[in-house]
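Dear colleague,

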Amino acid sequence: MSGLQRDLERLLGGEALRTGDAAETYLHDATEMQGLRGWADAVVVPQSTADVARLVAWCYKHGISIVPRGGGTGFAGGAVPFGGVLCSLEGIDHVRSLEPENWSAEVEAGVVTARVHNLARSNGLFFAPDPGASSQSQIGGNVACNAGGPHSFKYGSTGVFVTGIEAVIADGDVVRFGGHCRKDVATYDLRSVLVGSEGTLGILTRIWLRLLPAPEVTLPVAAAYSAVADGVEALRRVYGHGLLPATLEYFDEGALAAAGETFPRQLPANTRFLILSESDGGRDEAEALRKPLEEALAEKALSVAWLEESGDLRAIQRWRSGVSYAVSAQRGGKVSEDIAVPFANIEAAIEGAREIGERIGLPSCSWGHAGDGIVHATFLIDARSSDDLSKANLGIAELFELSRRLGGTVTGEHGLGWVKRGQLEHQVGTAELKLLRGIKDIFDPAHLFNPGKKGMGGGEREVGLVSAF
Ligand SMILES: Cc1cc2nc3c(=O)[nH]c(=O)nc-3n(C[C@H](O)[C@H](O)[C@H](O)COP(=O)(O)OP(=O)(O)OC[C@H]3O[C@@H](n4cnc5c(N)ncnc54)[C@H](O)[C@@H]3O)c2cc1C
C-alpha cells in the first residue's frame with residue numbers, strides 16, 4: 001500500500017479503499033472498447049457527503065487531483081482517471097425522499113438511474129431521462145453529463161428535471177443550489193452550471209428531481225424504409241405536421257445489419273432505414289396522435305407497424321439498448337461519437353458520416369435520437385489494430401468538422417470528457433472560452449477536479465499515453 005493510500009485509509013476508513021483487482025474495475029468506462037484505460041494512485045468509495053468533503057479538503061491541501069465516477073457507462077472517457085484519486089459515488093446511494101404528492105424526489109448521487117425509474121413508476125410517476133445504460137449509470141453521472149436518451153425529444157434531457165443540487169467543491173465546501181421547489185430564481189443559476197459539468201467543477205452528492213405523472217399508455221410504432229431519404233422525409237413530415245411523439249429514433253442500414261436480426265418483429269427484407277417512435281400520454285391523447293403519426297410515417301414506407309403496448313414495448317426498449325453492443329460485436333470494437341445537428345440537417349449528417357466511413361476505409365453505421373438531431377456515427381474497428389484506430393481517429397476528426405459545418409456540436413449528450421479534448425476551442429469563441437475557464441477557476445482554483453476533461457486543461461502529461469486517441 002502506498003503512503004497516499006495509507007493516508008486515505010486513515011481519513012475515510014479501510015472499507016472506503018479499493019486496491020489490487022478491486023481497484024482495476026474503476027479505471028475505465030464505456031470507451032474501453034476503443035482501448036482507453038487509465039490508472040489511479042488510489043480508488044476510494046466514500047459513504048457520505050461528509051466523507052467526500054473530507055476527501056476533497058485533504059486532496060486540496062495536498063494538491064492531488066480527484067476524478068468523480070458514477071456508473072462508469074460514459075462514452076467520453078470522463079470518469080477515466082490518469083493519476084490522482086478516483087472517487088466512486090456508489091456508496092452514497094440513499095433515496096432521501098420520494099414525494100408523490102409533490103411529484104418530486106431527493107436522491108443521493110450514487111443512486112442507479114433505473115432505481116429512480118422504478119421508484120417513480122411504482123408511485124404513479126415518471127422520470128423521463130433514459131440514457132441507454134440506466135441499470136448501471138447513476139443519477140449523479142446523468143446530471144454531470146446532462147444525459148439525454150430517446151425520451152428527451154418530448155421531455156428534455158436530465159437537466160430539465162433537476163430542481164436542486166448539492167455538491168462538494170474546492171477546499172471541501174459543501175454547497176447547495178435549489179431543492180424541492182420547482183421554481184427558484186433567487187440566485188445565478190449555478191445549478192444549471194453544475195449540470196453537464198462532467199466532474200470538473202466539483203463532486204455532486206445529492207440531487208432533487210422534478211417528476212411527472214406517469215403516462216397512462218405508451219404506443220410504440222416501427223416504420224421501415226428502403227432508403228435514408230425516404231425515412232428522413234417521414235421524419236420531416238412528423239416535424240412539419242407539428243407532432244410530438246415521446247421518441248423519434250432512427251437506425252441506418254449498418255446498424256440494422258448488426259442488430260436487425262434480433263429486432264422483436266420481422267422487418268421487410270430490404271429495410272435500410274428504421275424509425276421507432278412512441279405515442280404516449282393519457283389513453284385519449286396517445287390514441288389521438290396515432291393517426292397523424294401513422295400518416296406522416298406511411299408515405300414511401302415499406303411497412304408501418306403498431307406494436308403491443310406491454311410486451312412489445314419492453315422488448316423494443318431492450319433491443320434499443322442493445323444496439324450499441326451488437327454494433328461493437330461486429331468487429332470487436334467501435335469508435336462512436338454523438339454529434340448533434342439542427343434537425344433540418346439530419347440527412348446531411350447521416351449521409352456525411354457514411355461518406356467519411358467510405359473515405360477512411362472502415363465499415364460504418366449510425367443511429368440516434370433523430371428528433372433531437374443526434375447522430376451516433378460509428379466506425380467499426382478491430383480494437384487491437386492500430387491501423388484501424390488511426391483510421392477511426394481521422395474519421396472522427398472529419399466527423400467533428402462535419403458537425404460544425406452543419407451548425408451542430410461535437411457532442412449532443414455524452415459530453416467532451418477526455419476523448420473530445422481539444423474540441424472546445426473549435427466550437428466556441430475566445431470570449432466564451434475565457435468565461436468558461438473563469439467559472440472553472442472559481443469552483444476549482446487549483447484545477448484538481450477531473451483534469452484534462454471538458455476542455456478545461458490539465459492532464460497534459462498523460463496525453464502521450466493514450467496515443468490511440
Ligand atoms: C449502451 C449505452 C447506451 C447509452 N445511451 C445513452 C443515451 O441514449 N444518452 C446519453 O446521454 N448517454 C448514453 N450513454 C452514456 C452514459 O450512459 C451516460 O452518459 C450516463 O449519464 C453516464 O452516467 P454514469 O453514472 O455511468 O457516469 P460515469 O461514466 O461514471 O461518468 C461520466 C462523467 O460524469 C462525471 N461524474 C459521474 N458522477 C459524478 C458525480 N457524482 N459528481 C460529479 N461528476 C460525476 C464523471 O467524472 C464523468 O466525467 C449510454 C451508454 C451506454 C453504455
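How many aromatic pairs does the structure hold? This predicted model holds 11 aromatic pairs. One of them joins Tyr-60 and Phe-449 in a tilted arrangement, with 6.4 Å from centre to centre and 45° between the planes. Tyr-60 belongs to helix 3 (residues 49-62) and Phe-449 to the segment after helix 15 (430-443), so this pair ties together parts 389 residues apart in sequence. Both Tyr-60 and Phe-449 are buried.

Phe-82 and Trp-418 also form a tilted pair, because their ring centres are 4.3 Å apart and their planes stand at 35°. Phe-82 lies in the loop between strand 3 and strand 4 (85-88), while Trp-418 lies in the loop between helix 13 (386-405) and helix 14 (424-427), 336 residues apart. Both residues, Phe-82 and Trp-418, are buried, and together with Trp-39 they form one aromatic cluster.

Two arginines sit over rings: Arg-210 over the face of Phe-161, at 5.1 Å from the ring centre, and Arg-290, whose charged end is 4.7 Å from the centre of the Trp-306 ring.

Turning to the ligand, 36 residues surround it, the closest being Pro-68, Gly-70, Gly-71, Thr-73 and Gly-74. By class, this shell has 13 nonpolar, 20 polar and three charged residues. Helix 5 supplies the largest share, five residues. Ligand oxygen atoms lie 2.8 Å from a polar backbone atom of Gly-71, 2.9 Å from one of Gln-138 and 2.9 Å from a polar side-chain atom of Asn-142. The protein covers 97% of the 980 Å² of accessible area that the ligand has on its own.

With kind regards

Methods
Residues are numbered from 1 along each chain as its sequence is written. This is a predicted model: local features need pLDDT of at least 70, side-chain atom pairs count only at pLDDT 80 or more; totals for chains, interfaces and linings use all residues. Side-chain values use heavy atoms; hydrogens and water are left out. A residue is near a molecule or strand if one of its heavy atoms lies within 4 Å of it. A polar contact is a pair of N or O atoms within 3.5 Å; within protein, one must be able to donate a hydrogen and the other to accept it, and residues adjacent in sequence count only if both atoms are side-chain atoms. Accessible areas come from the Shrake-Rupley method with a 1.4 Å probe; for residues, only the protein chains shown count as cover. Helices (H or I, at least four residues) and strands (E, at least two) are DSSP runs, numbered from the N terminus. Ala, Val, Leu, Ile, Met, Phe, Trp, Tyr, Cys and Pro count as nonpolar, Asp, Glu, Lys and Arg as charged, and the others, Gly among them, as polar. Rings of Phe, Tyr and Trp (its six-membered ring) pair if their centres lie within 6.5 Å; planes under 30 degrees apart count as stacked, over 60 as edge-to-face and the rest as tilted. Buried means under 20% relative accessible area, exposed over 50%, partly exposed in between (1.4 Å probe, protein chains only). A charge sits over a ring if NZ of Lys or CZ of Arg is within 6 Å of the ring centre and within 35 degrees of the ring normal.
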